[in-house]
Amino acid sequence: MARVQFVDKAPDGGWGWVVVAGTFFIHVVVIASLVSFGVFYAEFREVFKEGAGTTSFISSILGATLLMCSPFVSALSNLTSCRAVIIAGSVISAVGLIVSFFAQRMVHLFLSVGIVTGLGFSLMYSPSLAMIGRYFDERHATANGIAICGTGVGQFALPPLFQFLIDEFGWRGALLIVAGILLNGCVFGALFRPIHLKEDSREEHVEREKQNSCSDPKQSKGVASLRQIMETFDVTLLKHRPFLLYGTSLLGTVLGMSIIYVHLVAHAQILGVEKTQAAFLLSIMGVSDAISRPINGWLSDRGMISKVYYYTIGITGLAISTTAIPFGTTYAGLVVCMVFYGFFSGVFHPLIAVLVRKYSGVSRISGGLGWTFVFQGVAFLLGPPVAGWLYDATGSYDMSFYVAGIFTFLSVIVLLVIPCSTTSTRKKLGSDGSEIPDQTVDKSVVLKEVKRVGDVNSSVS
């Protein structure tokens, strides 16, 4: 039976650092594998003789499944435990790659790599981030920055490793070895000790009251079931305008990033860069990202500027770096672009989960992360194929990178709209989707109340 820790509030340390370590290694083997899969993209395109748009569907389905299954994974984590879900995901992701060994057509890889392995990745990824949000409050950005810099570490090591495995054992043998690496997720998942917060008890009390109030025999079972489903998947979060706008902004950002992850290696090879050096570009990006994430996570916690503005700076730099890639016609130019790209990626990445927590609340962070990943999944599903079709039409990846930069710039604009979407009354989102006024209230309401009390006092005197 899982040992559960009961605390009044997030401990901001203790066993939480072990959870951070587990999340770090999950990012090394899961997210870095997704980012580095562009190495296999070039190989699949050569072996199966398919167009760039069709071949890129393997990576796009993989990323989309990882992200879009997150609401279901969040609900499953709430019903069982994050530990059990992560261990199951490790096994499922490995099975998907093992089955891919027997692929004879690309559609086979769409199913085995894209859907099965993608589902396993999702089961490992979302619960790990949610657990950090439960163990940390004041130092959430710092802990998150340390954990997700595992992506940069893995991104440094995996692309050259993948290329070496392909050269030595072929793409089939390489997938089998990667499957063995993914099974280490069973060990990482065992580190995620469950924790029960005081706020959870409050949410459970509210849920029981709602169930009692909904026990009207006249209410149809269908309506009750539908309401239960909406609460399980936190559908009401989509009614919260700031959360919805943030998700839309993230969609544009990830759409641009997915194009870089999948097509950068192929773009470099077209420019005449040798295969191993082309794969090493992702490693350079990963090193810069790994150094940038914990530093910027710590700096954002210092409170010198708003975390939203800090996040916006990172996205803006990412857009500029993306637009500059077509101008890097030499290997040195591409290296410079990847250094800046990795740095700015490390500026905003530690704050994704922090802003989700801001717009959804700590008790609903699991559902908030789930729906945020859906937005990212849609972007990952669309970005690489669109870029591939643009290459097939133009014979160059330049237009693909320009489009990626444009979408990233648009995500900045949407992000800046969020403060305008709220009134002077700041609101929190209740568990039933209703907006609950915070301590800061509209001044006009206060003045009316003061006037009313004054009138009452006058009449009494």
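Residues are called buried when their relative accessible area is under 20%, exposed when it is over 50%, and partly exposed in between, with a 1.4 Å probe and protein chains only. The model is a predicted one, so local features need pLDDT of at least 70 and side-chain atom pairs count only at pLDDT 80 or more, while totals for chains, interfaces and linings use all residues. Residue numbers run from 1 along each chain as its sequence is written, and side-chain values use heavy atoms, leaving out hydrogens and water.

Leu183 sits in the loop between helix H9 (150-182) and helix H10 (185-189); helices here are DSSP runs of H or I with at least four residues, numbered from the N terminus. Together with Val91, Val95, Val99, Leu111, Ile115 and Val116, Leu183 makes up a nonpolar patch on the surface, with about 520 Å² of accessible area in total. Areas come from the Shrake-Rupley method with a 1.4 Å probe, and for residues only the protein chains shown count as cover. To join such a patch, a residue needs over 30% relative accessible area and no salt bridge, and nonpolar side chains (Val, Leu, Ile, Met, Phe, Trp, Tyr) are linked within 5 Å.

Next comes helix H1 (residues 16-36), mostly covered, with 17 of its 21 residues buried. From first C-alpha to last, H1 reaches 28 Å, close to the 30 Å expected, where the expected span is 1.5 Å times one less than the number of residues. H1 has a kink of about 35 degrees centred on His27, the bend being the angle between axes fitted to the seven residues ending at a residue and the seven starting there.

Salt bridges (a side-chain nitrogen of Lys or Arg within 4 Å of a carboxyl oxygen of Asp or Glu) turn up two times in the whole structure. In one, Glu46 pairs with Lys275, with the closest N and O atoms 3.5 Å apart. That pair ties together distant parts of the chain, as Glu46 lies in helix H2 (residues 38-48) and Lys275 in helix H14, 229 residues away. Asp289 and Arg293 also meet in a salt bridge, at 2.3 Å from N to O, and both are buried. About one helical turn separates Asp289 and Arg293, because they are four residues apart in H14.

Val287 also belongs to H14 (residues 275-301). Beyond its neighbours within four places in sequence, Val287 is in contact (heavy atoms within 4.5 Å) with Gly152 and Phe156.

Technical notes: Patches are made of residues with over 30% relative accessible area and no salt bridge: like charges are joined within 9 Å, nonpolar side chains (Val, Leu, Ile, Met, Phe, Trp, Tyr) within 5 Å. Helices (H or I, at least four residues) and strands (E, at least two) are DSSP runs, numbered from the N terminus.
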